[in-house]
Amino acid sequence: MANQKKVGILETLDLRKVTWFHVQTVIISGMGFFTDSYDLFVISLVTKLLGRIYYHNPGSSSPGSLPDGISAAVSGVAFAGTFIGQIFFGCLGDKLGRKRVYGLTLVIMTICSICSGLSFGSDPTTVMITLCFFRFWLGFGIGGDYPLSATIMSEYASKKTRGAFVAAVFAMQGFGIVAAGCVSLAVSAIFDHKFPSHAYMVDPSGSTVPQADYVWRIILMLGAVPALLTYYWRAQMPETARYTALVAKDAGKAASDMSKVLDVDLEAASAENDLARVSSDEFGLFSKKFLQRHGLHLLGTTTTWFLLDIAFYSQNLFQKDIFTTIGWLPSAKTMNAIQELYTIARAQTIIAFCGTVPGYWFTVGLIDYMGRFKIQVIGFSMMTVLLTCLAIPYHHWTLPHNQIWFIVFYSLTFFFCNFGPNATTFIVPAEIFPARLRSTCHGISAASGKAGAMVGSFGFAALVKAVGMRVTLLIMAGISFVGLLFTFLVPEPNGKSLEELSGEAKPEKL
């Protein structure tokens, strides 16, 4: 018993072997990210269907499509909500505690997923306005999940397994993308079987059956299911000991909570010993001391995440346009509306299975051996090389017998994005900042990423129209290279305690 008191709560957390509580936390937090990615990426699957339903132009030789501005708004408005939610809930997580606001994000996501599918009205303007309204607030709830999930997992994990655990939470995003594709495949297959119709080129008006309006609504509303399934367990999670002991200064509660979840015998004296060993210099976010100690770190985490998300979301949200441009997907007029949704969902699910999901889990398996810095450098470097290889001989890839190799290279960009900066930019901000500012700094870093996502979602289509796909891919390669350069501002957290990384372990002399 005396030995446990001597070790202290923070050291117990840092040295503790994997327990069922750690696994449970990964699952509960990960299901939030599963929901997040389903909701964010599923919209790219249904935009073509929305165009056919609401913007059909009688007499046109091609199916209806969303106007450019509306398409960008529908695809990107959730990112605006996510941007605000990340900053708002990030700050709230440091002020009120991680647990107190953690369940609220799921409630918002559940309500807004359902309401997105119930978007009111039958005329195009009303439906698009209400859809964008609810997707904005859906994004707001999703935004809170980023800083809270990352911070909670990093504060519970040991220093030997912290990278893998936080990466595993984020890796659920890959399964969410796959689930969005699989649900879209299943729903579209059922409706196409029950309500068959001719291709657009055969019967323009009849190619979009009235029941197609239910398809996209069902797909969007099903995003509420995983959030509902995990709400109870998220509400039962205790506050992290690091927040309770170091920020709330409640040593007794920190010891009591950790004794229960980690199945160890701890007393308040353990947390009091920790407080005695931690710096009492509580400088604020806008202080000179923060700028000196962590200013370059915050610049590194925000810029790398911003640059990554320009490339990542551009490629993810506009896969269908890229596939159509190179001729991998058949012309829209050769299919009916529901068949087109099925074809797009199948293509994106294949890419997710082959490139996106393996990349996430390579990171989980290797991050605590290779370190965050090395994985991020490799990822940005390979993205730069692969996007350049796609761009320079672009015409070569559009020839029918070369399209499969374009898909192979394109899948590899997703692999190295996820076995690379898409994972590490999420993990590192949850490790290198002080406990009282950890959630806030992660929220700021994540919001910077979503600013990049907005640039990608609103700007990609316009850029392709202005300069063509080849030059656009070259620009994405350049952005990835700049991300590589800013990686050198971010420290390597591997194998160190959170207090060592943040400078809280002992007072620092400036």
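A residue is called buried when its relative accessible area is under 20%, exposed when over 50%, and partly exposed in between, with a 1.4 Å probe and protein chains only as cover. By that scale K253 is partly exposed, because its relative accessible area is 43%. The model is predicted, so local features need pLDDT of at least 70 and side-chain atom pairs count only at pLDDT 80 or more, while totals for chains, interfaces and linings use all residues. Residues are numbered from 1 along each chain as its sequence is written, and side-chain values use heavy atoms, with hydrogens and water left out.

K253 lies in helix α12, helices here being DSSP runs of H or I with at least four residues, numbered from the N terminus.

Elsewhere, I27 belongs to helix α3 (residues 20–41) and is partly exposed, with a relative accessible area of 45%.

The axes of α16 (residues 337–370) and α19 (residues 403–418) come within 7 Å and cross at roughly 25°, the axes being lines fitted to C-alpha atoms over the stretch in contact, with angles from 0 to 180 degrees between N-to-C directions. That makes α16 roughly parallel to α19, a description for angles under 35 degrees, with over 145 roughly antiparallel, 65 to 115 roughly perpendicular and the rest oblique.

Notes: Helices (H or I, at least four residues) and strands (E, at least two) are DSSP runs, numbered from the N terminus.
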